[in-house]
Number of protein chains: 4
Amino acid sequence: MERTVQQVQSLFSNVRKQTEDICLPLKPEDYCVQPVDDVSPPKWHLAHTTWFLEQIVLQRHHSSYSFYHPTFQELFNSYYQGISPKPYPRNQRGTQSRPTTQEVFVYRQEITQRVLELLESYPSDESLRRHVEVAIHHEWQHQELLYMDIKYVLHAQEMLTFYREQVLSDSSPSSMQWIDFSDGLTDIGKNLEGEFSFDNEGSRHKVYLHDFSIAHRCVTNGEYKEFVDAGGYQKPEFWLADGWHWIQHQNIRQPLYWSNHENQTFEYTLNGLIPLCSENPVSHVSLYEAQAYAQWAGHRLPTEFEWEHAATRIAPSNQDHFVDMNLLHPVSLDAHSRTFHGNLWEWTSSAYSPYPGYQSFEGSLVEYNGKFMNQQYVLRGGSCVTERRHYRPTYRNFFFPQQRWAFCGFRLAKDGETR
Amino acid sequence: MERTVQQVQSLFSNVRKQTEDICLPLKPEDYCVQPVDDVSPPKWHLAHTTWFLEQIVLQRHHSSYSFYHPTFQELFNSYYQGISPKPYPRNQRGTQSRPTTQEVFVYRQEITQRVLELLESYPSDESLRRHVEVAIHHEWQHQELLYMDIKYVLHAQEMLTFYREQVLSDSSPSSMQWIDFSDGLTDIGKNLEGEFSFDNEGSRHKVYLHDFSIAHRCVTNGEYKEFVDAGGYQKPEFWLADGWHWIQHQNIRQPLYWSNHENQTFEYTLNGLIPLCSENPVSHVSLYEAQAYAQWAGHRLPTEFEWEHAATRIAPSNQDHFVDMNLLHPVSLDAHSRTFHGNLWEWTSSAYSPYPGYQSFEGSLVEYNGKFMNQQYVLRGGSCVTERRHYRPTYRNFFFPQQRWAFCGFRLAKDGETR
Amino acid sequence: MERTVQQVQSLFSNVRKQTEDICLPLKPEDYCVQPVDDVSPPKWHLAHTTWFLEQIVLQRHHSSYSFYHPTFQELFNSYYQGISPKPYPRNQRGTQSRPTTQEVFVYRQEITQRVLELLESYPSDESLRRHVEVAIHHEWQHQELLYMDIKYVLHAQEMLTFYREQVLSDSSPSSMQWIDFSDGLTDIGKNLEGEFSFDNEGSRHKVYLHDFSIAHRCVTNGEYKEFVDAGGYQKPEFWLADGWHWIQHQNIRQPLYWSNHENQTFEYTLNGLIPLCSENPVSHVSLYEAQAYAQWAGHRLPTEFEWEHAATRIAPSNQDHFVDMNLLHPVSLDAHSRTFHGNLWEWTSSAYSPYPGYQSFEGSLVEYNGKFMNQQYVLRGGSCVTERRHYRPTYRNFFFPQQRWAFCGFRLAKDGETR
Amino acid sequence: MERTVQQVQSLFSNVRKQTEDICLPLKPEDYCVQPVDDVSPPKWHLAHTTWFLEQIVLQRHHSSYSFYHPTFQELFNSYYQGISPKPYPRNQRGTQSRPTTQEVFVYRQEITQRVLELLESYPSDESLRRHVEVAIHHEWQHQELLYMDIKYVLHAQEMLTFYREQVLSDSSPSSMQWIDFSDGLTDIGKNLEGEFSFDNEGSRHKVYLHDFSIAHRCVTNGEYKEFVDAGGYQKPEFWLADGWHWIQHQNIRQPLYWSNHENQTFEYTLNGLIPLCSENPVSHVSLYEAQAYAQWAGHRLPTEFEWEHAATRIAPSNQDHFVDMNLLHPVSLDAHSRTFHGNLWEWTSSAYSPYPGYQSFEGSLVEYNGKFMNQQYVLRGGSCVTERRHYRPTYRNFFFPQQRWAFCGFRLAKDGETR
């Protein structure tokens with residue numbers, strides 16, 4: 001179903017505003033800081049998503065496009081070597097006080113306006129619409145990154161600081177059940193025709209799955225705490241060699257946002273510091289921690305193919321827990337989460353690799369996904385800070401195994417009984 | 001077919017001697033040095049393979065085993081946390097002059113003798129034989145590592161130094177041909193019953209392959225040099241992001257053992273420094289370099305499943321180029337290499353992950369393979385420094401993508417025409 | 001001459017305001033960033049000088065002092081182990097967006113008020129006055145650091161950014177002359193009685209000087225550029241071993257704030273980017289660069305004793321170039337600089353060591369100076385961003401030999417003819 | 001008193017042999033390893049002292065000297081940029097197995113012979129004799145370095161390994177006494193005429209000393225252990241800021257060669273592992289530790305000028321403890337050490353800086369001392385592994401403040417009563 005120009009314009013304007021609204025609770029200083037290399041200052045996201053519009057939409061569709069500011073070309077280039085050979089170093093983003101946040105907002109407004117006018121001028125340009133669509137999805141990705149980075153930034157403050165303070169409703173316990181699947185061929189990935197998807201979701205292809213079972217929900221805080229209390233972080237036999245080295249070297253003893261005060265464990269959330277809720281799924285764990293827990297529990301993580309095969313048996317619904325629920329924290333099954341879609345990104349055991357028949361996007365977008373297919377691992381399912389319209393069951397998110405500032409958890413799997 | 005005790009003893013003695021014979025051309029000083037963290041001093045390999053016998057064979061089968069020397073427990077432990085919690089740091093191996101090489105040879109002799117006596121005492125102990133078999137395969141792995149490490153050590157000398165000087169016969173050109181395969185299910189991996197294999201080769205399972213074509217031989221020095229001469233190392237568009245960062249940071253511009261003198265390219269080999277032979281396969285390249293070449297050439301690397309499917313169509317033969325050919329350098333197709341087995345380890349695009357139904361070895365050997373299944377990539381095929389009896393077509397070797405001191409090359413693949 | 005309470009209050013209020021006025025040209029974002037470890041965010045200086053008042057003045061003179069905010073105790077502690085054993089890590093200061101700048105200004109106002117009231121309550125408490133006096137000098141030090149750090153921060157912006165734009169008057173050339181001194185005993189350092197001085201300036205003691213000559217002015221940009229143009233940064237024979245390693249490793253080829261555009265050299269200043277003025281003294285050079293220039297020129301740097309002996313022959317005057325001249329950049333002799341006092345801190349060849357009879361300040365202030373007497377070198381003379389009332393000819397500033405973001409230059413010396 | 005050619009030849013031959021004799025107890029492997037960057041493989045010293053003869057003696061006095069081996073020029077160059085711009089990296093010395101130790105001994109023999117022949121040919125060449133004299137002193141320096149490095153190498157072995165095992169005679173306690181000195185001018189340093197000295201000992205110049213007292217002996221193990229037992233390494237108030245950071249970062253809790261077994265403290269020595277002797281002077285401490293002890297004890301370290309002034313009141317004698325006593329370990333006063341000369345190098349508080357009128361050696365030797373006059377500190381007195389004929393009371397040894405593998409200790413000083 002085709003959107004009208006007005007619908008596209010409206011969606012685009014709405015998305016641009018969404019991004020800015022996420023930052024409303026921030027103080028001016030919060031926009032600028034970069035506590036670790038992985039986390040970009042919020043101001044940078046505001047500027048980069050605008051830079052992206054200039055590069056991907058405006059420059060391509062204007063005959064002789066004049067960029068807003070010459071310095072922005074490098075400064076807000078994330079990693080596109082084809083656009084500028086020396087993108088400003090990622091780990092230095094927190095040193096740049098200029099342009100100011102206010103100047104970035106002006107930049108945003110101006111470029112948003114230019115895109116709206118371009119759409120107005122070329123109402124039936126299909127290529128233009130496709131590029132705007134990519135840009136919208138790109139901006140949705142950065143909205144999720146903003147939630148991740150803001151959470152990390154505020155947590156990094158010596159002064160206890162919150163994004164907001166809000167009470168989440170109670171959760172009720174749910175004992176884990178296995179869903180069983182028989183062996184056979186399954187179809188994986190997205191056909192590039194039709195609905196939007198990223199290049200890394202194609203081509204659609206067959207995968208043979210052996211008998212397997214997968215948990216009906218993610219591992220909970222309560223379950224994970226048993227692993228912690230059993231000395232899980234002190235026993236190398238559960239850990240991958242690199243994971244063991246990582247927790248030793250970084251002195252890691254629990255999930256990223258847990259802390260202990262007087263024999264009680266608390267969790268730092270976008271809603272404040274709350275006592276750890278046993279029924280909620282464990283979040284902000286690395287793949288190493290997920291894998292070690294699974295090893296300790298006598299099971300394993302699912303492959304991304306098992307996950308997709310199981311997940312697509314249940315269509316996404318309005319009950320799924322995405323960012324529009326406005327909880328900003330993963331909750332237990334009986335609240336808003338439904339089985340596979342939303343709530344938490346789930347680590348899989350699958351390395352992030354090209355599918356058979358993979359064709360990258362063209363032009364500058366060739367660098368969007370393919371060049372990162374190395375040593376990262378796939379996460380599936382979307383999260384409580386993911387835009388609902390951005391999600392698809394075939395969506396492949398990816399991080400390095402030690403990264404855990406995304407809203408990520410995991411569910412268990414096991415081989416079928418016959419094996 | 002069962003071996004007699006005498007046959008096992010004879011094989012074992014022979015393998016132990018093989019290891020020592022590899023070191024014969026070394027000077028006493030060459031046994032001790034460690035030019036980079038990855039490369040262990042030859043003396044360490046001689047001791048570690050002996051330590052392994054104490055841990056895996058003697059201790060398990062002696063009621064109250066008394067270790068040869070208390071300090072050796074940690075000093076020659078490679079990475080087994082279950083055996084000693086603080087294995088001596090890998091990157092410090094080159095600082096240990098003691099025990100001396102002579103003392104290590106005495107240690108070897110003593111432990112070899114103890115194993116032979118144990119076999120004599122328990123002629124029908126199946127478990128003992130299996131452990132000796134593992135130890136033999138372990139020693140064959142370290143024989144290959146000795147060739148790799150000795151090559152690196154001697155190459156690292158400011159004084160031009162060779163393992164030996166020997167002229168290799170001429171090679172003749174062979175233009176690359178594609179072998180085509182149709183889609184369908186294939187069986188991958190080794191059934192754990194019967195012939196020896198490592199745990200990571202199982203369980204045997206089905207994989208669905210789409211139409212693909214694979215090269216009948218590896219990429220040659222001549223072909224790879226075209227890539228170098230075309231500025232391949234200066235163009236980020238061919239490289240994975242991590243690969244590009246690696247070649248920039250390490251200032252890498254060609255394969256590990258190439259050097260240039262007066263407009264000619266030479267290759268450092270175990271047979272001396274020789275002008276680059278265009279027909280021989282390119283070797284000692286990282287996965288990053290292999291992937292970049294494939295990208296430049298418009299193709300891709302095969303998965304390990306495509307590789308195994310193709311390789312097992314041709315059974316290993318006595319013509320395959322393994323270490324007993326005594327060339328110690330990969331050669332072109334028309335010399336000793338045949339299609340897939342031997343000559344060079346070949347990078348695949350497959351991450352090193354557990355197969356469906358994977359069951360690790362038991363006891364201390366649980367750490368043999370499984371804990372390394374993270375961020376490494378699979379190589380297949382054995383090499384000119386691999387023991388022939390150690391090789392199987394299902395053998396999965398693995399290295400990190402930047403490592404290239406193994407005898408490794410690669411062959412191209414592509415999707416079938418129908419995609 | 002004793003000040004009245006009102007005079008002390010007035011001076012104190014004035015100094016507190018001075019600090020804030022320095023920051024007036026900054027944008028909110030500029031207060032927060034830390035481009036390198038050495039450079040603190042301006043907001044941090046505003047808070048730390050206030051923290052200092054709580055620690056040194058309020059806590060000591062209130063019977064039961066209640067600190068403004070518990071977190072500030074560690075967060076704004078620069079390095080006083082005696083006050084809190086884990087001062088917040090210096091290199092992380094730029095990650096703290098909270099408290100906000102506005103909150104810091106409120107903090108300042110409140111603490112300033114508390115100090116004023118304390119002075120009011122105890123008009124004849126000598127100890128209180130002495131501590132306020134130390135705090136005022138401490139704040140003057142940080143005013144200079146603010147100029148240094150703001151200059152570095154703004155220079156680190158990819159977008160060309162200035163503190164202010166102001167034209168400096170022209171300079172006229174002045175050829176260097178030697179001032180000769182005969183050998184003999186001289187008195188060095190400050191008697192701790194009377195006028196304020198830091199502990200490191202005492203005790204006053206005798207030093208025997210041999211015949212020497214010292215330049216009547218600092219080395220100029222023009223003179224230094226000859227060294228650069230003569231390949232000075234490419235010739236190891238002029239450099240200390242550590243200095244040579246430093247320029248190689250950091251790829252340093254000229255003073256910190258120099259840049260080259262189309263065959264012209266420019267200098268980044270607090271007044272804008274200006275063409276290099278040959279007559280002005282070279283500034284923002286390291287001790288290594290100063291020493292290499294001197295070596296190249298066939299001379300040496302003065303010791304701090306030679307410098308003080310020469311400098312104290314000319315009393316400081318109102319013509320000396322300190323921050324109240326409001327030039328914020330070193331100028332040539334014939335403008336505002338007079339011989340030794342003001343304009344630029346001058347590197348000496350003297351290691352920063354305790355004088356004979358050195359007695360450190362007491363209490364927390366024991367950590368003010370003494371614990372840094374290691375591997376740093378003394379600079380003398382004050383600079384164009386130094387408060388005039390903070391300066392004394394016996395003042396010993398100190399930095400590590402590679403640090404050059406202070407307003408520092410150097411003058412030459414040589415042994416007397418008779419040697 | 002002039003030596004005859006035969007006397008020079010004999011001395012030279014003897015010194016060359018001395019060097020080799022030091023290595024006699026080593027196993028072949030011990031010659032090659034480099035446990036830390038500071039410590040060179042013994043083989044390297046054997047080669048470097050020979051390289052030095054080629055560079056400083058043979059090349060200068062042969063009309064067209066042909067070097068022994070082209071690769072040696074860089075490989076055994078320690079740091080002389082003027083001789084080869086890329087001396088082989090210091091921290092890689094332990095990776096070079098070639099040339100072998102045997103080849104190095106042949107190199108030594110050949111070059112020794114060439115020097116002897118040169119002396120024979122030019123019996124009255126004064127310049128030649130002076131250069132041979134420098135080379136002899138250079139070789140004596142490396143003999144001491146050999147003892148230091150061999151001790152470190154053998155101590156770094158996981159297997160308990162000794163240079164030799166020898167019982168030292170008992171020591172008797174000696175309570176510390178102060179020697180008092182009145183203020184006045186003193187003469188410091190060596191006149192360059194006459195007896196051999198290094199360039200850094202000149203020129204002889206006047207220094208004014210204030211009243212001071214200096215201990216009649218070094219701080220003992222027993223005294224230092226009180227500091228350790230009193231928690232000295234846990235209390236920042238005694239430490240220089242850089243020293244505190246160093247012990248925290250390196251987890252240092254006692255002198256380098258101390259170890260604790262079942263509530264007893266042992267000391268690793270060249271004579272074996274021995275229970276800590278309370279009466280012997282503490283050795284192998286850094287300047288940071290020496291300074292912290294002095295601070296804790298309420299005193300300070302002497303300056304090098306105070307030390308020299310005190311030391312030269314007592315002429316060196318045959319009773320002084322140098323290497324020819326063959327104890328290879330510092331002992332208490334009543335055994336072999338006399339007051340100031342020999343036994344242990346003593347840290348002073350003086351930065352290593354040029355004396356007034358300093359003139360460096362000429363030619364390649366310009367790099368011998370001057371370029372290291374940065375951030376290092378002076379030690380005085382010679383040690384139990386110093387060649388007696390190499391020592392002078394004006395001798396200035398120098399190390400960085402954290403280095404402690406030299407045979408170094410310290411004595412206390414304090415200001416005179418009148419201050």
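Copies are superposed by least squares on the C-alpha atoms of residues with pLDDT of at least 70 in both. I needed that first, as this is a predicted model.

**Chains B and D**

I superposed chain B on chain D. A rotation of 180° does it, with 0.0 Å of shift along the axis and an RMSD of 0.0 Å. That is the relation of a two-fold axis. I then looked for the residue of chain B that comes closest to the rotation axis. I found B:Glu29, with its C-alpha at 3.1 Å. Next I compared the interface residues. Of those in chain B, 100% are also interface residues in chain D, so the copies meet through the same surface.

**Chains C and A**

I looked up the contact between chain C and chain A. It joins 30 residues of chain C to 30 residues of chain A. The buried area is about 2,500 Å², and carbon and sulfur atoms give 57% of it. Which three residues supply more than any others of the area that chain C buries against chain A? I noted C:Glu29, C:Arg98 and C:Met159, which together supply 29%.

**Two helices of chain A**

I turned to α1(A), residues 5-22, and α2(A), residues 42-61. They pack at an angle of about 155°, and their axes are 10 Å apart. Angles over 145 degrees count as roughly antiparallel, and α1(A) and α2(A) are therefore roughly antiparallel to each other. I recorded their crossing as right-handed.

I listed the residues that meet. From α1(A) they are A:Phe12, A:Arg16, A:Thr19 and A:Glu20. From α2(A) they are A:Leu46, A:Thr49, A:Thr50 and A:Leu53. I sorted the residues of this contact into three nonpolar, three polar and two charged.

Technical notes. Residues are numbered from 1 along each chain as its sequence is written. Chains are lettered from A and ligands numbered from 1 in the order in which they are written. This is a predicted model: local features need pLDDT of at least 70, side-chain atom pairs count only at pLDDT 80 or more; totals for chains, interfaces and linings use all residues. Side-chain values use heavy atoms; hydrogens and water are left out. Contact means heavy atoms within 4.5 Å. Axes are lines fitted to C-alpha atoms, for helices over the stretch in contact, and angles run from 0 to 180 degrees between N-to-C directions. Helices (H or I, at least four residues) and strands (E, at least two) are DSSP runs, numbered from the N terminus. Angles under 35 degrees count as roughly parallel, over 145 as roughly antiparallel, 65 to 115 as roughly perpendicular and the rest as oblique. A crossing is left-handed if the near helix is turned anticlockwise from the far one by less than a right angle, and right-handed if clockwise. Ala, Val, Leu, Ile, Met, Phe, Trp, Tyr, Cys and Pro count as nonpolar, Asp, Glu, Lys and Arg as charged, and the others, Gly among them, as polar. Buried area is the accessible area (1.4 Å probe) that two parts lose on being put together, summed over both.
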